[in-house]
Amino acid sequence: MRWNQQSTLGPAVGAETSPKTSSPTSTPGKGSDASPAELFGLKGLVRSVRTPEFAGVTFHEVLAKSALNKVPAASSMPFTWTINPYRGCSHACVYCFARNTHRYLDLDSGEDFDRQVIVKVNTPEVLAAEVAKPKWSRELVALGTNTDPYQRAEGRYSLMPGIITVLAEHGTPMSVLTKGTLLRRDLPLLARAKEDVDVEISMSIAVYDDTLQQTIEPGTPTTTARLATVKAAANLGFRVTVFLMPVMPKLTDSMEHLDTALRAIKEAGASRVVYGALHLRPGAREWFFTWLEREYPELLPRYRRMYAKSSYASKEYRAWLSRRINPLIDKYDLRGSGDDDYPKTKRGDRTKSPALNQTQAASLTPPPQEALF
Ligand code: SF4
């Protein structure tokens, strides 16, 4: 693909993003017909681009003012800093709970989230300036907490190598969570970074049924390809965590599915598994129910009941799932242990972070999935 084969849609319009009032009335999946540059007040927009390689996807290239995001102190997330070089995600997981963030751009949380991707093209340069400041704390930076840093756009923009290099050069530990097999491109770089700083790799693989996987995560690499990526990382000496989430009632919570999943994860060389039941925030919720009605209408009443009052699966379901899955996690020796277990706090002084004891580890139904996928 040559740059002169792409079409440029939007002009430059200013500097950095200013969140707009959300659009609760926008229809999930409706998409947007107007010229993207007219749609939202994306300050810092350099241009909007479509290319034949990414049919149906528009990239909005922006110049960001900052790369590091500070996680609010009240958050239950076990880290303080995140970087998200992309907003929106062409992996298009129906259940994705980052969907609602697109409404701040006056885009919808359905199809626009999958197809209108904001690219912060200067992330490595901005990050370099931020971490060079004497006051930078060198706390762990989490990548992949909101949208996927190895979504397909990364093949075009290659922002991650610069981010990894800058963090490592400034003594900053990092974690990467992705569904993208493009991670393989950067494994040698991450392995070099690991010689200087802690580097944690996690792969999200929730569905071990190819038909279901292709309908509910239509833009993602296959489960087989992701497991192969886990193996490649493990072969380079990484202790890879697999996020077996979301576990979806009556879709992926059978003994057979869970056993197949954990066996495959073990065979791929992962060190540990964390799991969590489906969480349906507003934005994801409407999109998920539309999908469920189309694909599994018989399950719709059950899901509507289960998620009637909360974004979270019921306490009873989560307890049931815990009883079902924990023996399997032990059977395949995928619990992880001691210092390396997840979740542990990465906030503040890491040396003061207590390792989880066995009882705590055994009760891990990982967190109320605040911002992980
Ligand atoms: S769940 Fe992750 S990979 Fe899937 S669409 Fe959301 S950000 Fe992308």
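## Strands, helices and a cis bond

Strands (E, at least two residues) and helices (H or I, at least four) are DSSP runs, numbered from the N terminus. A cis peptide bond links Met245 to Pro246, with omega at about 5°.

## What you're looking at

This is a predicted model, where local features need pLDDT of at least 70, side-chain atom pairs count only at pLDDT 80 or more, and totals for chains, interfaces and linings use all residues. Residue numbers start from 1 along each chain as its sequence is written.

## A helix with a bend

Helix α12 (residues 315-331) has 17 residues. About 25° of bend shows up at Ile325, and Pro327, a proline, follows within four residues. Here the bend is the angle between axes fitted to the seven residues ending at a residue and the seven starting there. Just after α12 comes Asp333, with a positive phi of about 50°.

## Two loop residues with positive phi

Is Ala92 buried or exposed? Ala92 sits in the loop between β6 (86-87) and α2 (111-115), and its phi is near 60°, positive in a residue other than glycine. Ala92 counts as buried because it has 21 C-beta neighbours inside 10 Å.

Arg138, in the loop between α3 (123-131) and β8 (141-143), isn't a glycine either, yet has a positive phi of about 60°. Arg138 has 14 C-beta neighbours inside 10 Å, so it counts as partly exposed. The cut-offs: buried is 20 or more other C-beta atoms within 10 Å of a residue's own, exposed is 12 or fewer, and partly exposed is in between, with C-beta atoms placed from the backbone.

Conventions. Expected span 1.5 Å × (residues − 1).
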